[in-house]
Amino acid sequence: MAIQNDQFKKIVAHCKEYGFIFQSSEIYDGLSAVYDYGPYGVELKNNIKQYWWQSMVQMHENIVGIDAAIFMHPKTWKASGHVDAFNDPLIDNKDSKKRYRADVLIEEYMEKIEVKINKEIKKAHKRFGDSFDEVKYRAENPRVAKYIANHADIGSQLASAMSNNDMVTLKGIIEELQIACPVSGSRNWTDVRQFNLMFSTQLGNVAGEEGKLYLRPETAQGIFVNFLNVQKTTRQKIPFGIAQIGKAFRNEIVARQFIFRMREFEQMEMQFFVAPGEEMKWYEYWKDTRLKWHKAIGTPEEKLRFHKHENLAHYANAAVDIQFNFPFGFKELEGIHSRTDFDLSSHQELSGKKLQYFDPVLGENYVPYVVETSIGCDRMFLATLSNAYEEEIVPDAKGNDSTRTVLKLNPAIAPVKCAVLPLVKKEDALTKKARAIFEDLRFSFNCQYDEKDGIGRRYRRQDAIGTPYCVTVDGTTLEDNTVTIRERDSLEQIRVPIEKVEQIMSDRINMKKLFL
RNA sequence: GCGAAUAUAGUUCAAUGGCAGAAUUCCUGACUUCCAAUCAGGGGAUAUCGGUUCGAGCCCGAUUAUUCGCUCCA
């Protein structure tokens, strides 16, 4: 564990040092759980997105893409269940460090009053026997009446505070009633805070509930609300899928472990619409297909595993995670969920618009079932980087051991594909030649030209950002127009004619290989 | 969110309450024909705000961030 955490620290430091990831707003001391992608980070991330998009959309005739807006109609989140399921007033007891829902604490207090009322009634019933009139007793007995009034009073205060989202009043009620923590018995409470997973903002300048908008907590809903638009305009027939890559926002209680859990993050989601009853077949298909995707990019099988959900979310009838063995342990990387017809049905109900598909084979209308694959782009980035990061012992110029830090990224997703290096800087003929090769290769892929420092140091610099190939221009180049291509992982060099470099490189970095 | 710890140069680490220093990185130059070479020169820091003190990197308080534990997790 200690070794692994050490490894994780090194990866985080490497990300910063080599321009992959910076903390957001660093000059202002940073913003918690928000990170920026640097020059190499954005290249790698874009390549990961491209790999996903090509494998899902380009390679599946029955999957199409969309790019829905981050802002959506507020009713969307009512339909999806996000508004109701994740909107709780929370309070902590400072002594027991236990967290409670403030409204539940008050409700529990009210229940205790009810118990007292019932006790009184029971006692009276015993005393008066068959002649006991409960309704009359409730109304006329002063002690019971007081309890009932108190109960009603608290109830209305609670209801009004809840509907106004008034956290101060909620805290006030708890203080006034002297509610104590069931664990510590103390009344040492924090303020009541609203925990809402969703970030809200407002549309226009109009204050009030109408203008309130949420930043989407998942991209999936943009797909669901566009289900019919897409199905009709692309003439897709079930089964078919809609894919989307986009930002999502979640107000996590704790956001830690670098880019693993961020408040603003990017999802790559695909919702696959199937006939009711077919969902488990497709669920298995996508489990299998997605695992293959991970393995094809070079993630070793032993670092991946399925993790079945025992407690299912409100929308699902089956759910499994693909977990990756991060430096801090196996954690969720991708989710594959059978979402039933929950979302489409819910939107259909709330919008009053039919979201159904006429199945020509069955000759009937139905609300399709959905199988979702949802992968965190940033988590994939972290997984890829964790897997690629290595410190190796290699011989230096004198044959002694030296360590090199290298990112063994799959060439297809490496930020820079190729560095063009003149062996020495001082000879104009070499630098000129190298420069010309660079100017040509840059049309085909992301290249760098570097003439500073010794050749060994330049190789190491490229290793550190995961550049798979270095083209070196030396004295022989000037004689016969050949260069060496140095391979990152093996350190081996091959000598090839300049005019063949572009083709050789293109073959080696081609993403096509990953799909075969 | 609670508790504890931490915060000095891009990075790693020094500095008894009294001149903020080194290594490395970076920039410039010399030398150098294949895996972090060498030499010379240069740039660069006390997280933020306040307090105590003749004087604060060091003591005190707050804030921010990070790490660890708890808590939460679709």
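Glu107 counts as partly exposed because its relative accessibility is 38%, where partly exposed lies between buried, under 20% relative accessible area, and exposed, over 50% (1.4 Å probe, protein chains only). Glu107 sits in helix α5, residues 102–128, helices being DSSP runs of H or I with at least four residues and strands runs of E with at least two, numbered from the N terminus. Together with Glu108, Glu111 and Glu114, Glu107 forms a negative surface patch; patch members have over 30% relative accessible area and no salt bridge, and like charges are joined within 9 Å. A salt bridge here is a side-chain nitrogen of Lys or Arg within 4 Å of a carboxyl oxygen of Asp or Glu.

This is a predicted model, in which local features need pLDDT of at least 70 and side-chain atom pairs count only at pLDDT 80 or more, whereas totals for chains, interfaces and linings use all residues. Residues are numbered from 1 along each chain as its sequence is written, chains are lettered from A and ligands numbered from 1 in the order in which they are written, and side-chain values use heavy atoms, without hydrogens and water.

Most residues other than glycine have a negative phi, and most peptide bonds are trans. The backbone entries below concern these two points.

| Residue | Backbone value | Loop |
|---|---|---|
| Ala33 | positive phi, about 60 degrees | between β1 (21–23) and β2 (35–37) |
| Asn481 | positive phi, about 60 degrees | between α16 (475–480) and β22 (482–487) |
| Pro239 | cis bond with Ile238, omega about 5 degrees | between α10 (227–234) and β9 (240–249) |

Ala33 counts as buried, at 7% relative accessibility, while Asn481 is partly exposed, with a relative accessible area of 36%.

Key
Patch = residues over 30% accessible without salt bridge, like charges linked within 9 Å, V, L, I, M, F, W, Y side chains within 5 Å. Areas by Shrake-Rupley, 256 points an atom, 1.4 Å probe, with all protein chains shown as cover. Lys, Arg positive; Asp, Glu negative; His and termini not counted. Charge placed at Lys NZ, Arg CZ, Asp CG, Glu CD.
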